[in-house]
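Colleague: I have a few minutes before my next run starts. Can you walk me through this one?

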Amino acid sequence: MKTLSDHTIETPMGFIPKGLSTDEPAPVPELPEDFEEFDNFRDMMLLYSCAIREVNTKLENLDAELEMTGERNPIQYITHRVKTPASIMKKMKRKGIPLTFQNVWENLNDVAGVRVVCSYLEDIYELADVLLKQDDIRLIRMNDYIKNPKPSGYRSLHLVIETPVFLSEQKHMVRVEIQIRTIAMDFWASLEHQLRYKTDIEIPESIRRDLNDIADDMFSTDLKMSQINRRIQRISRVKHEAQELARKAQEAEKSGG
Ligand code: 0O2
């Protein structure tokens with residue numbers, strides 16, 4: 001039987017292979033020891049790592065349940081990362097907010113990031129729906145970049161949620177950004193991200209247009225794959241119903257009914 005931990009994926013953007021998530025805590029990023037708020041930052045990063053583990057467990061449990069009841073896994077793989085200090089500093093600078101641990105805690109939604117890659121479009125919404133029904137999850141913000149793609153062509157469902165983390169002394173509500181997308185959307189986003197960050201040139205308009213067209217093509221492929229999946233499910237349902245009817249007819253015949 002397939003388990004989620006079978007999927008160990010090396011991904012760009014510092015995301016950690018999902019397989020690590022069940023066995024090891026997400027590593028707490030390094031910070032310079034002479035940093036004034038070092039202890040506060042280290043504690044905060046620990047909370048983010050713990051929150052990632054909580055969310056991973058929830059997703060893995062839902063996937064296992066949906067596999068049992070629906071005979072399929074909506075999740076192909078999960079990756080996660082804690083934002084690096086360098087990336088936190090860059091984002092705070094971009095937002096024009098002074099770098100203190102309190103400001104990071106209050107203003108950044110994506111220090112803890114979990115990316116869920118689903119098989120089909122409908123899996124994205126089904127998974128988000130069941131996850132958000134859990135009574136310890138608080139939805140802070142949802143951005144549906146599938147219904148409203150970014151100008152680049154980027155598509156994904158983004159949820160910013162808060163989940164409780166219980167430490168020895170206290171319970172903390174910790175924010176996690178969950179990006180849910182299909183394999184096709186992930187393929188596009190990963191390569192586009194690499195292309196943008198691996199170069200120091202401004203991407204020309206013609207290439208942007210090409211990338212946007214590819215994103216549209218990927219989306220129409222997603223729609224077609226969803227249709228095929230639904231057709232196969234329908235055929236399989238009809239076959240099972242026919243088998244069930246035949247079995248009942250045989251039983252009735254045996255009992256002389
Ligand atoms: P990384 O390396 O993925 O962490 P916010 O401060 O959260 O309110 P923000 O960050 O603009 O505002 O939120 P948004 O746009 O909802 O989500 C940003 C994240 O979505 C990015 O994180 C990417 O992971 C992803 N993303 C958004 N647009 C694009 C895009 O055009 N291409 C790709 N490949 N990814 C995109 P970071 O922090 O930029 O980077």
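Modeller: One definition before the numbers: a residue is buried if 20 or more other C-beta atoms lie within 10 Å of its own, exposed if 12 or fewer, and partly exposed in between. Keep in mind that this is a predicted model.

Colleague: Fine. How much of the protein counts as buried?

Modeller: Of its 257 residues, 26% do.

Colleague: And how many helices and strands are there?

Modeller: The protein has seven helices and five strands. Reading from the N terminus, the order is α-α-β-α-α-β-α-β-β-β-α-α.

Colleague: What order do the strands take in the sheet?

Modeller: The sheet is open, ordered 1-2-5-4-3, with mixed pairing. On average, neighbouring strands are turned by 25° against each other, direction ignored.

Colleague: How many bridges join it to strand 2?

Modeller: Seven, and strands 1 and 2 run antiparallel. Tyrosine 77 is opposite valine 117 in strand 2.

Colleague: What about strand 2 and strand 5, parallel or antiparallel?

Modeller: Parallel, over six bridges, between residues 112-118 of strand 2 and residues 171-182 of strand 5. Valine 116 has isoleucine 180 in strand 5 as its bridge partner.

Colleague: Which strands does helix 6 lie across?

Modeller: Helix 6 lies across strand 1, strand 2 and strand 5, and runs at about 100° to strand 5.

Colleague: Changing topic. What span should helix 7 have, at 1.5 Å a residue?

Modeller: Helix 7 covers residues 205-254, and its 50 residues should span 74 Å; the end C-alpha atoms are 73 Å apart, which agrees.

Colleague: Is it largely enclosed or largely in the open?

Modeller: The number of buried residues in helix 7 is two of the 50, so this helix lies largely in the open. Just after helix 7, glycine 256 has a positive phi of about 75°.

Colleague: And helix 2, how far does it reach?

Modeller: Helix 2 (residues 38-70) has 33 residues and reaches 47 Å from first C-alpha to last, close to the 48 Å expected at 1.5 Å a residue.

Colleague: Which of its residues are buried?

Modeller: Among them are Phe41, Met45, Tyr48, Cys50, Ile52, Val55 and Leu59. Ser49, Asn56 and Asp63 of helix 2 are buried too.

Colleague: Where is glutamate 60 found?

Modeller: Glutamate 60 is also in helix 2. With 18 other C-beta atoms within 10 Å, glutamate 60 is partly exposed, because the cut-off for buried is 20 or more.

Colleague: How far apart in space are glutamate 60 and isoleucine 78?

Modeller: They are 8.8 Å apart, C-alpha to C-alpha, and 18 residues apart in sequence.

Colleague: Last one. What share of the contacts between residues at least 6 apart in sequence joins residues at least 24 apart?

Modeller: In this protein, 67%.

Notes: Residues numbered from 1 in each chain as written. Predicted model: local features only at pLDDT ≥ 70, side-chain atom pairs only at ≥ 80, totals over all residues. Helix = DSSP H or I, 4+ residues; strand = E, 2+ residues; numbered from the N terminus. Contact = placed C-beta atoms within 7 Å. Expected span 1.5 Å × (residues − 1). Pairing = 2+ DSSP bridges. Axes fitted to C-alpha atoms, helices over the stretch in contact; angles between N-to-C directions.
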